[in-house]
Structures are given as structure tokens and as C-alpha cells.
Amino acid sequence: MAEKLVRYGIMGAASIVPRIIAGIQESRNSEVVAIAARKLDKAAAVASQFKISKAYGSYQELCEDPDIDVIYIPLWNAGHYSGAKLALNNHKNVLLEKPFTLTLAQAQDLFELAKKQHCFLMEAQKAAFLPITNQVRAQLLDKQTIGQIQGVTIQESHPGIDKIPWFHDVSVGGGAFYGSASYSLEYLQLVLKTDITDYQGQISKVGSQADDQAQVHVQLASGILANVYVTTTTDEVPSQITFWGTEGSLTVPNYWKTDRYELTIGNKTQTFKHTQASEFVYEFDHVSEQVLRGKQTSSVMTPEITLQTTKIIEDLYRGWYPKH
């Protein structure tokens with residue numbers, strides 16, 4: 001018997017949507033049945049291109065559709081909270097893009113509402129479900145291939161932010177660190193299975209504009225120190241995470257979407273690969289499985305991880321923009 005398909009509606013027609021649709025369509029237990037945008041013609045164009053049966057010109061109509069099981073929300077950062085609240089109030093399960101919300105209070109409110117409505121709610125974090133992520137965790141924790149971990153360095157380059165009209169407005173979630181912090185902070189928690197206990201950082205900005213570079217120092221409960229550097233000013237910085245150990249190092253290029261990692265012991269470096277058509281498919285497989293099982297939260301991308309990450313980001317931005 002074929003596995004039941006969980007039906008997804010997409011709230012918004014952001015640039016990420018085509019890749020999301022590809023991930024859902026590749027998933028063994030998921031399908032896209034509807035998409036909504038603020039303008040019907042925009043939603044209809046996407047629906048026609050990807051053979052989606054329904055298009056809506058309002059988010060309210062999408063949330064009222066009885067044939068939708070999960071609403072995926074890729075709205076601009078400032079729209080995450082209101083979009084998720086609308087879906088949950090209409091008794092829809094929700095997969096909400098990162099950063100989850102702009103404040104800890106908003107995040108707590110959404111998880112409380114989801115519990116009240118008996119709905120599933122999870123922050124979208126594709127890196128949590130990549131096969132390579134599982135392999136990296138096994139190398140670091142189970143096999144201890146690089147020995148005792150001494151430190152972690154994370155660096156990311158995300159040029160081209162001028163294409164995002166609200167990027168320089170910190171009040172709506174603009175900024176280099178807002179845009180990518182969830183990946184680095186949550187990857188540390190997910191892979192090393194530990195909490196973040198301390199953090200501090202600096203940013204580069206022009207006037208009151210949102211940050212175009214950020215450097216954050218993190219301490220984990222295990223005592224490990226990590227350094228996170230994010231820039232939008234150059235594409236010369238290789239995007240990767242490196243774990244440094246007493247016996248070697250492990251580097252994951254483009255760790256949030258990767259299909260490979262590199263293990264260096266002594267003078268020998270090995271590259272391990274896992275072929276994948278879409279980096280999103282594993283996340284949708286997981287969400288649909290959780291929904292089919294009647295779960296309200298993810299067993300992997302837990303509310304605790306999301307809440308801690310949201311708090312850290314909010315705390316840092318309140319320090320960087322005290323009058324905001």
C-alpha cells in the first residue's frame with residue numbers, strides 16, 4: 001500500500017519557493033497542493049509553472065483550505081510570526097522558515113498556540129536532516145575520529161544582499177547575522193548535542209543600517225569554543241564549518257546544504273560524499289512523518305533548540321542596536 005501523502009500549502013512566492021517545491025515533490029510522503037501570494041496572478045504563475053492545482057490571492061484563503069495539512073511559510077523575516085499565527089489559528093500544521101521569529105516572546109507564543117490547537121510546529125532547518133549531518137555527528141561523537149574536539153570555526157559569505165530591499169532594516173529582521181545565524185547556532189547544537197551557554201559578538205555597519213558583517217564567539221556547555229563569522233561584503237570567504245580536534249580536523253563546505261565533508265588526519269585528507277537531488281527532501285520527509293504520527297513537535301529540530309537560538313539572536317541584536 002502506498003504511503004499517505006501529506007498535503008502542503010505554500011504561503012508566499014519567495015525566491016526559495018521553486019527549490020522548496022522540488023524538495024516536496026521528491027519527498028516520499030509529501031505533495032504540494034496549493035500556493036498563495038498577495039497578488040493572485042503571481043500565485044497563479046507559480047502554480048502553472050509547477051503544476052500546483054490551487055492558487056490563492058490571500059493567505060487567509062490558503063489557511064481556510066480544508067485540503068491542506070501543512071502550511072510552509074517562507075515570508076520575509078518580519079512576516080514569520082503573523083503568518084504562522086494565522087495558519088495555527090486555522091488549525092494548520094506549520095513549517096516556519098528561519099529565523100523563526102524576531103523575538104523570544106513571539107516564538108514562545110507560537111509554540112503555546114500550536115499546543116493549544118493540537119498542531120505540529122517546527123522551524124525549517126534543512127541542515128538538521130541532511131545525511132551528511134548524521135555522518136558528521138557520528139564521526140565527531142560516536143567514532144571520535146578527530147579525537148577530543150578543541151574548537152570550531154564557522155565562516156559564511158552571502159553576497160548579493162542588495163537584491164533584498166529590506167536587508168538594511170534591522171527592525172524587520174534585516175542584517176547579515178539575522179539572515180544566517182540560525183544555521184550556525186543550530187548546527188552546533190544539533191551536531192554536538194549540547195547547549196550554548198555564553199555568547200558575545202561584534203558587527204560592522206554603516207550608520208543605523210543593519211549589519212553587513214558579524215563575528216560572534218560562542219561557548220558550549222561542553223566547554224568547546226566556537227567562532228562564527230558572517231559577511232555579505234565579499235564572495236572570497238569560503239563558506240564552511242571546521243571542527244578542530246586533538247587528532248585531526250573535519251570540514252563541511254556549505255554545511256547547511258552540503259553533500260560532502262572532508263576529514264583530515266595527519267597529512268591525509270579524505271572527502272566523503274552523499275549524492276542528493278534536493279537538500280530539502282529529507283526535511284519534508286521528516287515533517288510529513290511527524291504529522292502522520294500525530295506529533296506536535298519535532299523529535300530532531302526541537303522547540304528547545306529554536307527557543308534558545310531565537311533568544312541568542314535577540315539578545316545580540318538588542319546589544320548591537322540598544323535604541324531599536
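Mentor: The buried residues of H8 are Val281, Glu283, Phe284, Asp285, His286, Val287, Ser288, Gln290 and Val291, where buried means under 20% relative accessible area with a 1.4 Å probe and protein chains only, exposed over 50%, and partly exposed in between. The model is predicted, so local features need pLDDT of at least 70 and side-chain atom pairs count only at pLDDT 80 or more, while totals for chains, interfaces and linings use all residues. Residues are numbered from 1 along each chain as its sequence is written, and side-chain values use heavy atoms, with hydrogens and water left out.

Helices (H or I, at least four residues) and strands (E, at least two) are DSSP runs numbered from the N terminus. Because nine of its twelve residues are buried, H8 is largely enclosed by the rest of the structure. The cover over these buried residues includes strand E1 (6-11), helix H1 (17-26), strand E2 (30-36), strand E4 (70-73), strand E5 (93-96) and strand E6 (121-123), with contact meaning heavy atoms within 4.5 Å. H8 covers residues 281-292, and its end C-alpha atoms are 16 Å apart, in agreement with the 16 Å that twelve residues should span at 1.5 Å a residue; the expected span is 1.5 Å times one less than the number of residues. After H8 comes glycine 294, with a positive phi near 75°.

The packing of H9 (residues 303-320) is next. Its axis and that of H5 (residues 104-117) come within 8 Å and cross at roughly 160°; axes are lines fitted to C-alpha atoms, for helices over the stretch in contact, and angles run from 0 to 180 degrees between N-to-C directions. H5 and H9 are therefore roughly antiparallel, on a scale where angles under 35 degrees count as roughly parallel, over 145 as roughly antiparallel, 65 to 115 as roughly perpendicular and the rest as oblique. On the H5 side the contact involves Leu104, Ala107, Gln108 and Phe111, which meet Pro303, Thr306, Leu307, Thr310, Lys311 and Glu314 in H9. These residues divide into five nonpolar, three polar and two charged, counting Ala, Val, Leu, Ile, Met, Phe, Trp, Tyr, Cys and Pro as nonpolar, Asp, Glu, Lys and Arg as charged, and the others, Gly among them, as polar.

H7 (residues 176-192) also packs with H9, at an angle of about 140° and with the axes 10 Å apart. H7 and H9 are therefore oblique to each other.
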